[in-house]
Amino acid sequence: MIDELHSIHGPVVLLWAYHNPFTFVSDPELVRKCMITLNLPKNPRVYGHLGYPFGQRMGGCGVLNEVDHEVWQKRRALLNPAFHRRYLMNLMSAFNNSCDLFLAKMDQVADGKTIVDMAQEFARVTLDAIGKVAFNVDVDTIKDANSPFPSAISKCLKGIQESLRSPFWRISVSTFPFQKVWKMICERQEAVLRGEDTPPDILAHILSVAEKESSITVNDLVDDFVTFFVAGQETTSNQLSFTLYEILRHPDVENRILQEIEAVLGSRQLVEYKDLGNLQFLGQTLKESLRLHPPISGTTRVTTKEENIGGHILPAGTSVNISIFIMHRFSEAWKEPLKFDPDRFSPAAKGGIPQNVYFPFSLGPRTCIGQTFAQIEARLFMARLLQEFELTLCQGQGEIKHEERLTLRPKGGVLCTLKRRNES
């Protein structure tokens with residue numbers, strides 16, 4: 001609906017929700033002004049729902065939901081080293097171990113007949129990966145269909161989505177297993193105090209930060225854990241789902257990826273960190289998938305004083321919404337914006353992409369802290385899946401549709417059959 005309103009009324013659209021004004025902008029320069037030049041803070045009315053939908057704890061006061069820029073900046077600076085490329089490159093074995101379990105499960109249904117919803121499978125393996133890689137905890141979501149984590153995340157996201165849309169709608173969102181999280185963090189803290197060897201994962205860094213900063217409590221650690229766990233899993237699993245769908249619909253793209261995998265990996269299955277940069281075309285494909293199907297459709301900020309946005313005077317306290325989805329398909333910036341074309345992101349074409357129209361991990365100071373983690377995970381999982389299995393979309397799956405549940409996911413999943421590539 002918003003994209004239609006922009007096509008009629010221009011780059012600035014004002015809507016009212018009861019007595020609250022919501023402004024939507026869809027222009028590269030206005031996006032830059034709001035998110036970089038003015039660095040408008042996140043809207044507390046919206047992000048409060050992410051932290052405490054209906055007054056019940058979900059993301060709490062994690063780094064994603066912190067709206068005070070100075071408080072956020074200090075906390076983000078403390079957490080940044082744990083998500084830096086130099087730190088994550090040492091965790092490649094854990095990424096590969098999760099992928100091993102995933103591929104072993106896929107092997108059990110690789111008969112060319114069994115229909116598999118790859119969106120569900122990606123949701124499970126990304127949960128497993130972020131549990132193992134980031135926190136050295138086995139949530140056992142790949143093997144255990146009854147694991148509480150996938151259903152808890154789904155219900156929590158649904159609750160947040162509906163709480164934003166209708167203040168009269170109610171759902172209990174206190175289903176996330178916080179006690180398991182609390183217990184895991186406390187057990188790790190106790191192990192550190194006893195002088196035991198503990199894994200050098202992201203949790204290790206978070207705990208080391210907590211030791212230095214007395215203001216950071218166990219509740220803060222739980223909130224950050226839940227934030228990384230939910231946001232990291234949901235966005236990457238949806239990216240993988242949309243990417244696989246587009247690859248299977250474009251045989252030329254799939255063939256180029258397979259040739260690249262063969263050139264980089266050969267018969268070797270484990271992906272090393274140095275391999276990721278050499279999987280150039282696969283990286284382009286993942287970026288193009290993020291353009292057409294951004295897992296996060298937009299972000300919302302708020303004016304702190306009167307501002308002139310696109311010739312319109314917005315009073316303090318006005319919600320300013322930036323649609324990532326619209327900007328990624330902005331016809332004035334992208335040639336054939338609805339076409340899936342990974343070569344948009346080739347080294348030769350890199351300088352041709354206008355600024356402020358592509359930002360799947362947000363824009364400005366508050367870019368996603370987990371984007372490097374997500375890029376490593378997505379490239380590794382997709383490379384190994386396509387290396388071992390030939391996947392085919394089931395008949396009847398036409399143009400993919402988006403379902404919004406706080407994030408954008410493929411409606412109806414991605415239904416495929418699989419068989420091993422070495423089978424005739």
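Biologist: Which residues in H12 meet Gln280, Phe281, Leu282 and Thr285 in H14?

Modeller: The model is predicted, with residues numbered from 1 along each chain as its sequence is written. Local features need pLDDT of at least 70, side-chain atom pairs 80 or more, while totals for chains, interfaces and linings use all residues; side-chain values use heavy atoms, without hydrogens and water. Helices are DSSP runs (H or I, at least four residues; strands are E, at least two), numbered from the N terminus, and contact means heavy atoms within 4.5 Å. On the H12 side, the residues are Val253, Arg256, Ile257 and Glu260.

Biologist: And how are H12 and H14 placed to each other?

Modeller: Their axes (lines fitted to C-alpha atoms over the stretch in contact; angles run from 0 to 180 degrees between N-to-C directions) are 8 Å apart, at about 140°. Under 35 degrees is roughly parallel, over 145 roughly antiparallel, 65 to 115 roughly perpendicular, and the rest oblique. H12 and H14 are therefore oblique.

Biologist: Now the open sheet: which strands stand at the edges?

Modeller: The order is E3-E11-E8, with antiparallel pairing (two strands pair if DSSP finds at least two bridges between them). A strand with a single partner has one side left without a neighbour in the sheet, so the edges belong to E3 (116-117) and E8 (389-393).

Biologist: In E11, what is the bridge partner of aspartate 117?

Modeller: E3 pairs with E11 (residues 415-420) over 2 bridges, in the antiparallel sense. Aspartate 117 has as its partner in E11 leucine 415.

Biologist: What angle does the direction of H11 make with that of E8?

Modeller: Helix H11 (residues 218-249) packs on the sheet and touches E8 and E11. Its direction and that of E8 make about 85°.
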